[in-house]
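Hi everyone, thanks for coming. Let me put the molecule up on the screen, and then we can walk around it together.

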Amino acid sequence: LFLLSFSRRSAGCVVLSLLPLGCLSPYLPHSIVNRFVSIGSFSESSIRYRLYTWRGVLRMLREHAGGIGVGSEAFYAVYPRYAVSGTERVMHAHQLWLQIMVELGIGGLIVFLWLLLLLFFCVAQGMRDLHGGARAQTVAGASALAGVLVMGFFDYVWYHMGLISLFFAVGALTTLPIS
C-alpha cells in the first residue's frame with residue numbers, strides 16, 4: 001500500500017516482488033506452507049473459533065446495542081451468556097470493529113468512523129499538497145493505520161493499551177507532517 005500510494009511507478013516493483021516469493025514456496029517449512037494454504041478454510045480450527053466467537057458477539061449486540069462498557073472484565077462478565085458452545089472463555093471479540101461496538105455501542109462506532117473519515121481527508125490533502133519526506137511520512141502513517149484496520153477485521157488488535165496509544169499517535173503524526 002505504501003509503495004502504490006507513494007509512487008505510481010512502484011506498481012511494477014510490487015508485481016515483480018511477488019515472483020520470487022512464489023519461487024521460495026518449495027523451500028519453506030511445511031508448517032508455514034500449510035498455514036498459508038489453510039487461510040480461508042472453514043475447517044481450520046482458528047477460523048471456526050473466530051466465526052463462533054463472532055456469532056456469540058452478534059447475539060450479545062442484539063441485546064446491548066448501547067455497549068457493555070470498556071475492558072476485558074466487562075466483556076468476560078457478559079459474553080458467556082451469549083457464547084456459542086466452546087467459546088465461553090473468550091476475552092475479546094477477535095474483531096476490532098465488533099469489539100468497538102460491544103464496548104462503546106453503535107454510537108461509539110459512529111464516532112470512531114467519523115474520526116477515521118477526518119483522518120482520511122487529512123491524508124488525502126497531505127498526499128495532494130506535500131512532497132518529499134513529508135509526503136512519505138503521511139503515506140507511511142496512513143499505510144500503517146490501514147494495515148491495523150484491515151487486520152482488525154480478523155482479530156482484536158488493541159488488546160493492550162500501548163497498541164491503542166500507538167495507533168492514535170501514528171494517526172496524529174500522519175496529520176502533522178515534518179516540513
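I will come back to them in a moment.

A word on where the values come from. This is a predicted model, in which local features need pLDDT of at least 70 and side-chain atom pairs count only at pLDDT 80 or more, while totals for chains, interfaces and linings use all residues. Residues are numbered from 1 along each chain as its sequence is written, and side-chain values use heavy atoms, with hydrogens and water left out.

Now the overall layout. The protein chain has eight helices and zero strands, and its pattern along the sequence reads α-α-α-α-α-α-α-α. Helices here are DSSP runs of H or I with at least four residues, strands are E runs of at least two, and both are numbered from the N terminus. Of the 179 residues, 32% count as buried. Buried means under 20% relative accessible area, exposed means over 50%, and partly exposed is in between, with a 1.4 Å probe and protein chains only. As for contacts (heavy atoms within 4.5 Å), residues 24 or more positions apart account for 63% of those with a separation of 6 or more.

Back to the rings. Rings of Phe, Tyr and Trp, for Trp its six-membered ring, pair if their centres lie within 6.5 Å; planes under 30 degrees apart count as stacked, over 60 as edge-to-face, and the rest as tilted. The count comes to nine aromatic pairs. One of them joins Phe 112 and Trp 158, edge-to-face, at 5.6 Å centre to centre and 90° between the planes. Phe 112 lies in helix H6 and Trp 158 in the loop between H7 and H8, so this pair ties together parts that are 46 residues apart in sequence. Phe 112 is buried at 6% relative accessible area, and Trp 158 is buried too, at 9%.

Next, how many salt bridges are there? The count is two, where a salt bridge is a side-chain nitrogen of Lys or Arg within 4 Å of a carboxyl oxygen of Asp or Glu. In one, Asp 155 meets Arg 50 at 3.3 Å, N to O. Asp 155 sits in the loop between helix H7 (132–151) and helix H8 (161–175), and Arg 50 in helix H4 (residues 45–63), so the pair ties together parts 105 residues apart in sequence. Arg 50 is partly exposed, at 21%. The other bridge has Asp 129 and Arg 128 meeting at 3.1 Å, N to O. Asp 129 is partly exposed at 39%, whereas Arg 128 is exposed at 59%.

Gln 137 is buried, with a relative accessible area of 18%, and its side chain reaches the backbone oxygen of Leu 173 at 2.8 Å.

Notes
A polar contact is a pair of N or O atoms within 3.5 Å; within protein, one must be able to donate a hydrogen and the other to accept it, and residues adjacent in sequence count only if both atoms are side-chain atoms.
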